[in-house]
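Student: Could you take me through this one slowly, as I have not looked at it before?

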Amino acid sequence: SVTATITGPSGPAGGLYGGYVVLTDATDASKVLRVPFAGYIGDYQARPVLTGGFPYLGKLNSCTPVAVLRDSTCFGTGSYGVYPAGNSYSMVDAYNMPNLLIHLDHQVRRLRIEAFDAASGRAMGRIASDEYVGRNSSATTFFSYPWDGTTFRGTGKNDSQWQAVPNGNYVAKVSVLKALGDESNPAHWETWTSPVITIARP
């Protein structure tokens, strides 16, 4: 049993440091064991995740090539419009439904999107829920989460628990739990609430 004390640098804030604890056999110097370590300078939970003006309420305008548009999600090069004051959606196809455009500046333990009635605040269910989501590759890239107008209200995986919300006005709440966050600690979550989403199916 060995106790090692590592005193890391005091700056720069948000920086990383690391190295190795090297163990050498007292009777045979050729036998060496190296144990890596890494540290973060500052409060890891204070590192912001939702940055760069994101998230946005948006709409898919185009997807190239069209063949990679599957289940309302563009897996190719997508072009999006943004609607900071809200927007109305007919939901007739992938180009007429809301997209939550989310940039993650750091990986997150959990990402959750929920729908609420815009007037009453009544919870309508989950739009999406992901775990261990990696950060975006650059400061200007983002993930798109399309909403097809259905929400999940149960706790199991039964498809029948997905139900379409009626036409009306809603908001989407995006919640991210930081990488090493404690779900019960509100300080470890970041949230964003969208402008009003009007679902107006024909």
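Student: Let me begin with Met 91: buried or exposed?
Tutor: Met 91 is buried, with a relative accessible area of 11%, where buried means under 20%, exposed over 50% and partly exposed in between, using a 1.4 Å probe and protein chains only. This is a predicted model, in which local features need pLDDT of at least 70 and side-chain atom pairs count only at pLDDT 80 or more, while totals for chains, interfaces and linings use all residues. Residues are numbered from 1 along each chain as its sequence is written, and side-chain values use heavy atoms, with hydrogens and water left out.

Student: Okay, and what about the phi of Met 91?
Tutor: Met 91 has a positive phi of about 65°, although this residue is not a glycine. Most residues other than glycine have a negative phi. Met 91 sits in the loop between strand 7 (87–89) and strand 8 (98–102); strands are DSSP runs of E with at least two residues, helices are runs of H or I with at least four, and both are numbered from the N terminus.

Student: And Tyr 132, what is phi there?
Tutor: Phi of Tyr 132 is near 50°, again a positive value in a residue other than glycine. Tyr 132 belongs to strand 10, residues 123–133, and is exposed, with a relative accessible area of 62%.

Student: Switching to the backbone, which bond at Pro 12 is cis?
Tutor: The peptide bond joining Gly 11 and Pro 12 is cis, with omega about 0°, and Pro 12 lies in the segment before strand 1 (16–24). A cis peptide bond also runs from Phe 54 to Pro 55, with omega near 0°, and Pro 55 is found in the loop between strand 2 (32–40) and strand 3 (56–64).

Student: How many salt bridges turn up in the whole structure?
Tutor: The search finds five of them, each counted when a side-chain nitrogen of Lys or Arg is within 4 Å of a carboxyl oxygen of Asp or Glu. One of them pairs Glu 131 with Arg 109, at 3.5 Å from N to O. Because Glu 131 lies in strand 10 and Arg 109 in strand 9 (residues 108–117), the pair ties together parts that are 22 residues apart in sequence.

Student: Which residues are in a network with those two?
Tutor: Arg 109 and Glu 131 are linked with Arg 110 and Glu 183 in a network of salt bridges. Glu 131 is partly exposed, with a relative accessible area of 42%.

Student: What about Glu 190 and Lys 178?
Tutor: Their side chains meet in a salt bridge at 3.4 Å, N to O. That pair links distant parts of the chain, with Glu 190 in strand 15 (residues 189–193) and Lys 178 in strand 14 (residues 168–178), twelve residues apart. Both Glu 190 and Lys 178 are buried.

Student: Last topic: how many residues are in the largest nonpolar core?
Tutor: The largest core has 27 residues, and those with the most contacts inside it are Ile 102, Leu 104, Leu 111, Ile 113, Tyr 145 and Trp 147. Such a core is a set of buried Ala, Val, Leu, Ile, Met, Phe, Trp, Tyr and Cys residues joined through side-chain atoms within 4.5 Å. Strands 8, 9, 10, 14 and 16 (197–199) each supply at least two residues of this core.

Student: And what is Ile 102 in contact with?
Tutor: Leaving aside neighbours within four places in sequence, Ile 102 is in contact with residues including Leu 50, Phe 54, Pro 55, Leu 111, Ile 113, Tyr 145 and Val 174, contact meaning heavy atoms within 4.5 Å.
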